[in-house]
Amino acid sequence: MSEPVSIAGIAYAFANGTRTLCELEAAGQLESSAEVLRTLGFDRVHVASAESPYQLAHAVASRLMHETAGGIDPATIDALIVGGTPGVMAFSAADDADAGAASLCTRGRFQYPATRLQYELELANATVFAIDQLACTTLLGAVRLARALMVAEGFRRVLCVASEFFPVHAGREAIFNCTSDAACAVLVEAGGARNRVAAATSVTKGYYWDLETLRDEIVASYFPTAAAVIARTVAEAGWSPGDVDWVMPHNVSRRSWEILMGLARLPRARLWARNIARRGHTLAGDTFINLRDAIDGGDVRPGHRVLLFSYGFGAHWTGLAVEA
């Protein structure tokens, strides 16, 4: 690679509503008890009602373009990569998901949030991609794809956006994880001096595609594969585990992260876990939302080496090494 690829900006937004674990338990939206989830580090989550995934995606993408380095000219965006709630379902409010489902039976199924976002943001020169089967690794996968496009096709700026909600009456727990509705946008640039992407790795094990049938096997495979992907990411960045200043987690069980940090030989004190209780698990956005908050809060400083890691059902394990 002739020049570095960097994370030039991050913007995010959460749904307006919030629910405590006790409220979710009373509404029958948890599989485990509120007390069990509390011991795993959760406290409350953000829940959408009249908002749609597309509305939040548009809001964060627009905000990112306006606040990054005094504003980004839409004509300079070479590619747009969109993930999250797929197809026309992204346009339905969380409290009316049936409307999106009904549209699948009409020509409305050919209305796509990625191209609408390109049009409304006036990204006339942007090639458009959409990814919707990487689950919680979607945004890390989008950044990895952006990096590859910069190497292969000479792109200079790629905008990555992910927004995903649970329907308002759906459960909020996914194997001991309590989920929030949110959107996140990441701007990837060639030639940046800060937040340089030093390595990006991913492993997919399609055997685990059936979450319901293979739940116990997925739990058993999670830790050894996660530790291996983390080790590979650190090695490809040219680091050792002791070089990692911060780990930006996907906001799943804090207890699971304590185990994984030990398996990966990473000091537990370097886990940036402040958002698990106050934000919950935002699916694809966790690692970048955490990175933005850690930078804004002064925890991540220039020169720090930061590891981002996420797991997604399907099953995918993805790591990203960033030199702040």
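Helices here are DSSP runs of H or I with at least four residues, strands are runs of E with at least two, and both are numbered from the N terminus. The model is predicted, so local features need pLDDT of at least 70 and side-chain atom pairs count only at pLDDT 80 or more, while totals for chains, interfaces and linings use all residues. Residues are numbered from 1 along each chain as its sequence is written, and side-chain values use heavy atoms, with hydrogens and water left out.

Is Leu139 buried or exposed? Leu139 is buried, with a relative accessible area of 0%. Buried means under 20% relative accessible area, exposed over 50%, and partly exposed in between, using a 1.4 Å probe and protein chains only. Leaving aside residues up to four places away in sequence, Leu139 touches Cys160, Val161, Ala162, Cys184, Val186, Ala284, Gly285 and Phe288; contact means heavy atoms within 4.5 Å.

Now move on to helix α8, residues 254-263, whose buried residues are Ser256, Trp257, Leu260 and Met261. Seen down the helix axis, these buried residues fall within an arc of 135°, so they line one face of α8. That arc is taken from the directions from the helix axis to the C-beta atoms. An α-helix has 3.6 residues a turn, so residues three or four places apart point the same way. The cover over the buried residues of α8 includes α7 (215-236), β9 (246-248) and β10 (305-312).

Leu260 leads us to the largest nonpolar core, which has 41 residues; Leu260, Phe309 and Trp317 have the most contacts inside it. A nonpolar core is a set of buried Ala, Val, Leu, Ile, Met, Phe, Trp, Tyr and Cys residues joined through side-chain atoms within 4.5 Å. Among the elements that give two or more residues to this core are α8, β10 and β11 (316-323), and α7 gives the most, with 8 residues. Another core, of 40 residues, lies apart from it and includes Ile81, Cys160, Val306 and Val322.

Our last stop is Glu51, in the loop between β3 and α3 (53-67). Glu51 is buried yet has no salt bridge, and the nearest side chain of opposite charge, Arg172, is 9.2 Å away. A salt bridge is a side-chain nitrogen of Lys or Arg within 4 Å of a carboxyl oxygen of Asp or Glu. Lys and Arg count as positive and Asp and Glu as negative, with His and the chain ends not counted.
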